[in-house]
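Please read the following report alongside the sequence and the coordinates, which are shown first.

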Amino acid sequence: MATYTFECNDCGEELHLDKNVVSKNGKKIPLERDNRPHDCPDREEEPWTSETFNCKDCNAEIYVTDLHVSKNGKRVPLNVANNEPHRCVNRRSNFACKSCRTQIYVDDKRLSKNGKRIPLEADNGYPHQCSKSERFG
Ligand SMILES: [Zn+2]
Ligand SMILES: [Zn+2]
Ligand SMILES: [Zn+2]
């Protein structure tokens with residue numbers, strides 16, 4: 001199968017992506033010909049800044065730059081509008097219900113009476129009434 005290759009903007013090295021090699025945030029990592037992650041030798045001169053892209057949760061225009069990394073080394077998404085860190089209103093991460101595998105998520109603002117976060121269904125945002133778990137509720 002042909003691999004799509006492109007040149008590194010900084011050093012011109014021929015790179016490619018592999019859908020199986022992604023960073024923690026789900027982005028494909030540029031790889032060199034020997035499939036090692038590209039650690040660009042020319043990238044240090046100027047802090048790298050990404051193209052503008054849309055937050056997949058709230059559609060706001062954001063970007064990332066090497067100037068803004070969190071303590072754990074992750075790039076912090078910044079608002080294009082004001083260059084402030086993007087605090088996404090819609091950000092959530094889905095996970096599968098352990099019992100029935102339905103995609104669910106939790107929302108810090110949706111708490112049950114005892115202060116626990118309520119599992120919500122990813123599809124519609126309604127509380128997940130698990131058909132397979134008896135412990136729920
Ligand atoms: Zn490079
Ligand atoms: Zn957002
Ligand atoms: Zn369930």
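## Asparagine 59 and its surroundings

Does asparagine 59 count as buried or exposed, and how many C-beta neighbours does it have inside 10 Å? In this predicted model, asparagine 59 counts as exposed, because it has 9 C-beta neighbours inside 10 Å, and a residue with 12 or fewer falls in that class. Asparagine 59 belongs to the loop that runs between strand E3 (53-54) and strand E4 (61-63). Its C-alpha atom is separated by 9.5 Å from that of cysteine 88, a residue 29 places away along the chain.

## Alanine 60 in the loop between E3 and E4

The loop between E3 and E4 also holds alanine 60, which counts as partly exposed because 15 C-beta neighbours lie inside 10 Å; being classed as buried would take 20 or more. When neighbours within four places in sequence are left aside, alanine 60 is in contact with Asn54, Cys55, Asn79 and His86.

## Strands and the open sheet

The protein chain has eight strands and zero helices, so that its elements, read from the N terminus on, follow the pattern β-β-β-β-β-β-β-β. Three of the strands form an open sheet in the order E6-E7-E8, with antiparallel pairing. Its edge strands, each pairing on one side only, are strand E6 (95-96) and strand E8 (120-121).

Between E6 and strand E7 (residues 103-105), which run antiparallel, there are two bridges. In this arrangement alanine 96 stands opposite glutamine 103 in E7.

## Loop residues with positive phi

Asparagine 83, found in the loop between strand E5 (78-79) and E6, has a positive phi near 60 degrees, and it is exposed because 12 other C-beta atoms lie within 10 Å.

Arginine 101 is placed in the loop between E6 and E7, and its phi is likewise positive, with a value near 70 degrees. Since arginine 101 has 9 C-beta neighbours inside 10 Å, it counts as exposed.

## The chain as a whole

Of the 137 residues in the protein chain, 7% are buried. Among the contacts between residues at least 6 apart in sequence, 21% join residues that are at least 24 apart.

Conventions. Residues numbered from 1 in each chain as written. Chains lettered and ligands numbered in written order. Predicted model: local features only at pLDDT ≥ 70, side-chain atom pairs only at ≥ 80, totals over all residues. Pairing = 2+ DSSP bridges. Helix = DSSP H or I, 4+ residues; strand = E, 2+ residues; numbered from the N terminus. Contact = placed C-beta atoms within 7 Å.
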